[in-house]
Amino acid sequence: MSDLSPGRFMIGPDSRPAFTRYARLHEDRARGRSVALAPERAYELDPIGVIVLSALDGRISVRDLSAQLAEKYAAPVEVIARDVTTLLQGLADKRLLREGPDPFSAPARSLFSRSITRHDGGPAGLLAELTHRCPLQCPYCSNPLELERASAELTAEEWGETFRQAASIGALQLHLSGGEPTARRDLEDILAYAVEAGLYTNLITSAVLLTKDRLARLADIGLDHVQVSIQDIVADNADRISAYDGGVAKKYDVARWTREFGLGLTINAPMHRQNIAHLPQIIDFAVEVDAQRIEIAHIQYYAWAELNRAALIPTRETFMETVEVVEAAKKRLLGVLNFDFVIHDHYASRPKTCTGGWGQSILAVTPSGKALPCHAAQTLPGLIFENVRDKPLGDIWRDGAAFNAYRGIGWMKEPCRSCDRREIDFGGCRCQAMAVSGDPAATDPACALSPDHARFAAFAETESQAPAPAFIYRRYGGASMT
């Protein structure tokens, strides 16, 4: 792996830090707290942290700020300076601070966001699937097999009302996704509604439809962050995986434009046997285009990925190599590139928490307006999904049958019911349990305590050793090929 690191921003006495364009101090009125908003994150702050971050303007030095705080609170200046430096270095290493004022301005706080009142227990984020249309045909797509048609999509105005309702019940982060969200000709109008609602906006895109002029317009409206998906960095292989020619060159362009406009940038790299050997080059790509974050996620096998499982599962040995690659890169790129690494479930012994806990932190809305507690929840039988066109989002979140089906721990069977981790992982992924056991209330088979765990692990051990079959590409009617 080449050394492409541009260097770590080290906070010292003479540093004059400021928030980047894509990070800011935010009053979370629904929860009565202050947070630092950042790409796909909200960092909760204590009162002292709020005081320190409120003073950052890119002009005052850490030395002078520490002296002011020491005098105000009658505390030893060396103690204050140490604590201030520690706080700021942590944020700098997340790439949320820069030296001197950022030439780009974050969106102004909207009147609507200032009107939000206290609302406990709401979601932290909204996944808005604007469309299922997409020029790519990735065989691991998490969209449902029955893709929704454009004629059923919510209008920009309907999305705007959904955003306002989501913000009113506590949502801070908005993930504009699809399909490919830039396939919407009215994306600018949709984004304007999101900014007016006071939401931190993340555009999740394959990047291949974006032009520089359009990205500039989105930045001017108030877009905060762009997540660019990478199928591979080797062009021929990326074209084969996505069934789309020329995508890699376009992703380079969009990533560079994103940083040129001062927006946050995440590279999203789903991992599987067809691209896993190129992980070091993908990490190098993220550094080269000055991304702040990279998501390296071994895919989960439901929806389209379940159809293509035998073509996608890597061997245990190649999976373990990715662990070593990521751990080494984390150390080498401290303060340069932040890593979200999602391990392979088939080689795990503990399950991951399903979207932070079913119906606890995230809600998704499909292109036609169905509200889901998980973006893949439609793979589960027997659930009724209410529509934002017919019922207020807050009522759906609080009282919806689908949201309460696996919320908390009351629904659990053994061994989850008596497990001391039942309120940590909440039994794991319901969709994965359904895909393997046929029972959505079963223990996630990624857990070593699941009666299905051995069979689940055997899928990987057997299929990863066999020649990979041809892809069943994600497209309208594509699932009928099975």
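Which residues of helix α1 (residues 47–54) are buried? The buried ones are Gly-49, Val-52 and Leu-53, where buried means under 20% relative accessible area, exposed means over 50% and partly exposed lies in between (1.4 Å probe, protein chains only). They cover an arc of only 90° around the axis, which puts them on the same side of α1; the arc is that of the directions from the helix axis to the C-beta atoms. An α-helix has 3.6 residues a turn, so residues three or four places apart point the same way. Pro-47 and Ser-54 are exposed and sit on the face of α1 turned away from its buried side. The cover over the buried residues of α1 includes β1 (17–19), β2 (24–28), α2 (62–73) and α3 (77–93), with contact taken as heavy atoms within 4.5 Å. Helices (H or I, at least four residues) and strands (E, at least two) are DSSP runs, numbered from the N terminus.

A word on the model itself. It is a predicted one, in which local features need pLDDT of at least 70 and side-chain atom pairs count only at pLDDT 80 or more, while totals for chains, interfaces and linings use all residues. Residues are numbered from 1 along each chain as its sequence is written, and side-chain values use heavy atoms, with hydrogens and water left out.

β2 is joined to strand β3 (residues 33–38) by five bridges, and the two run antiparallel; two strands pair if DSSP finds at least two bridges between them. Within this pair, Arg-24 has Leu-37 of β3 as its bridge partner. β2 and β3 make up a hairpin with four residues between them, and Gly-32 in the turn has a positive phi of about 65°.

Elsewhere there is an open sheet of nine strands, with mixed pairing, in the order β12-β11-β10-β9-β8-β7-β6-β13-β14. β12 (338–342) and β14 (371–372) stand at the edges with a single partner strand each, so one side of each is left without a neighbour in the sheet. Strands of a sheet pair through backbone hydrogen bonds, either parallel or antiparallel. Strands β10 (residues 264–271) and β11 (residues 293–298) run parallel and are joined by six bridges, with Asn-268 opposite Glu-295 in β11. In the loop between α13 (316–332) and β12 lies Leu-333, which is buried, with a relative accessible area of 0%. The C-alpha atoms of Leu-333 and Ser-168 are 165 residues apart along the chain and separated by 38 Å.

Next comes helix α6 (residues 187–196), where Leu-187 is found. The buried residues of α6 are Leu-187, Glu-188, Ile-190, Leu-191, Ala-194 and Val-195. Seen down the axis, they fall within an arc of 160°, so they line one face of α6. They pack against α5, β7 (173–177), β8 (200–205) and α7 (212–221). Leu-187 counts as buried at 1% relative accessibility. Its contacts, not counting residues up to four places away in sequence, are Leu-130, Pro-181, Thr-182, Leu-203, Arg-214 and Leu-218. Leu-187 and Leu-218 are 31 residues apart in sequence and 8.5 Å apart in space, C-alpha to C-alpha. After α6 comes Gly-198, with a positive phi near 85°.

The side chain of Asp-232 does make a polar contact with that of His-278 (2.7 Å), and a polar atom of the Asp-232 side chain lies 3.3 Å from the backbone nitrogen of Val-234. A polar contact is a pair of N or O atoms within 3.5 Å; within protein, one must be able to donate a hydrogen and the other to accept it, and residues adjacent in sequence count only if both atoms are side-chain atoms.

A polar atom of the Glu-148 side chain lies 2.8 Å from the backbone nitrogen of Ser-368.
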